[in-house]
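Have the model open while you read.

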Amino acid sequence: MSIKILYLSPSSQLGGAERSLIDNIFALRQQLPLAELSIIITAAHGDLASELETLGVQVFLVPLPAQISKLGDSSFKLQNIIANLWQLLIASSELFKYWRNLQQIINKINPDLIDSNGFKTHLLVTSLNVSCPIIWRLRDFISSRSLMKKLLALVKNKVALAIANSEATKDDWHSVFPQLPIKVIYNVVDITRFTPLPDSKPTMSIDHADLIKVGLVATYARWKGQEIFLQAIADLAQQQPLLITKARFYIVGGAIYETDRSQYSRSELIQLAQDLNIENWVEFIDFRTDIESIYNSLDIVVHASTKPEPFGRTIVEAMACEKAVIVANAGGAAELFTPNQDAIGVAPGNPQALAEAIRDLIASPEQRLAIGQAARKTVIKRFNRDRLGAELVSMYSSLIVC
Ligand code: GLC
């Protein structure tokens with residue numbers, strides 16, 4: 001079957017949403033080597049574009065005007081609207097020109113199906129004149145996004161199918177749009193790439209062979225909980241001054257998205273570490289495309305999101321590498337593991353609970369090993385990329401036929 005599928009992504013950086021998109025496209029390529037795949041990325045060139053090009057995807061970079069990409073929901077809170085009025089006016093005239101351009105590109109591609117990966121592209125594509133079926137990937141919760149919720153309500157009827165990354169995401173969207181057809185497809189990982197590499201040398205930045213290395217891997221979106229992690233380290237430093245000398249802590253990631261206000265900056269996090277007097281225990285490391293070598297250099301991986309996590313891709317990636325993962329146990333993240341068997345669950349937003357879980361795992365190499373081994377088995381059973389291709393082909397074909 002030769003079909004033309006057009007993907008849309010609001011970001012060209014490699015966050016969880018984009019890494020999941022790559023897995024989708026990879027799996028589909030395996031099944032349909034002749035499919036004509038293209039993507040419109042509404043951002044400047046980045047790692048996503050390069051990775052997709054190597055999979056034979058035609059990439060169209062159509063960056064949103066800067067005034068628009070910087071707007072997040074918070075820009076539309078009343079006090080911010082007034083402060084940003086001028087900016088919003090300029091943004092709307094730019095948006096009009098942008099829309100026309102996008103419409104022309106889509107007409108030219110003339111896809112059989114469109115698969116959109118983020119809020120901004122959901123909105124853009126459904127507000128255009130498009131005749132093929134449209135899929136929305138639901139990767140984040142909608143109920144707390146006051147503006148986005150209202151905007152998407154205007155266009156939701158144009159969506160043929162929505163695919164949620166977890167039951168929690170599906171339930172959240174259904175609470176806002178009860179009629180939206182939603183199917184859950186869990187994210188998958190490449191278990192040959194995310195695999196334990198016992199002999200691998202520590203990555204150039206994560207060294208300290210003799211210490212237990214504990215790391216949080218996430219974008220700098222505020223709700224990813226870097227602050228909770230830092231507070232937990234401070235708590236440990238106070239309560240367990242001896243134990244902490246055996247450990248080293250890492251915050252891996254960066255402010256990769258363009259939305260203002262909702263992300264930490266590196267300097268803000270460093271300042272926080274200094275204020276808590278733990279700057280000597282913590283290192284900051286940039287995201288890298290070979291993220292698997294980062295997991296392999298760590299002993300304990302921490303997920304500390306303060307809000308329920310829609311899925312939590314890094315949890316599964318780290319589990320696949322046989323790491324002991326501590327998970328903020330809420331939302332879709334709670335669907336990924338069995339507490340105390342293949343990962344440890346803690347209450348989100350609670351630095352003391354996190355400190356205790358880190359302390360227990362630092363103290364017990366046996367527990368780290370047992371949990372890590374069980375974790376990989378879970379990933380092989382439930383989140384293996386091999387299963388995805390066939391599932392996608394059958395879903396896409398059912399939509400294109402009707
Ligand atoms: C979004 C979600 C995250 C999920 C990723 C992939 O980034 O916030 O929980 O893992 O999408 O679906």
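Is L392 buried or exposed?

1. Keep in mind that this is a predicted model. L392 has a relative accessible area of 0%, and since the cut-off for buried is under 20%, L392 counts as buried. You'll find L392 in helix 15, which covers residues 388–401.

2. Now look at what surrounds L392. Leaving aside residues up to four places away in sequence, L392 touches N24, L28 and R137. Q31 is worth a look too: Q31 and L392 are 361 residues apart in sequence, yet their C-alpha atoms are 9.1 Å apart in space.

3. R137 takes us to strand 5, where R137 and I135 are buried on one side, while I134, W136 and L138 are buried on the other. In a regular strand, side chains alternate between the two faces of the sheet. Five of the five residues of strand 5 (residues 134–138) are buried, so the strand is largely enclosed by the rest of the structure.

4. Next, the neighbours of strand 5. Strand 4 (residues 113–116) runs parallel to strand 5 and is joined to it by three bridges; S116 has W136 as its bridge partner there. Strand 6 (residues 161–164) also pairs with strand 5 in the parallel sense, over four bridges, and R137 has I163 as its bridge partner in strand 6.

5. Finally, follow the chain between these strands. Strand 4, helix 6 (residues 119–126) and strand 5 form a right-handed β-α-β unit. From strand 5 the chain goes through helix 7 (residues 146–155) to strand 6, and that β-α-β crossover is right-handed.

How values were computed: Residues are numbered from 1 along each chain as its sequence is written. This is a predicted model: local features need pLDDT of at least 70, side-chain atom pairs count only at pLDDT 80 or more; totals for chains, interfaces and linings use all residues. Side-chain values use heavy atoms; hydrogens and water are left out. Helices (H or I, at least four residues) and strands (E, at least two) are DSSP runs, numbered from the N terminus. Buried means under 20% relative accessible area, exposed over 50%, partly exposed in between (1.4 Å probe, protein chains only). Contact means heavy atoms within 4.5 Å. Two strands pair if DSSP finds at least two bridges between them. A crossover is right-handed if, with the strands pointing away from the viewer, the path from the first strand over the helix to the second runs clockwise.
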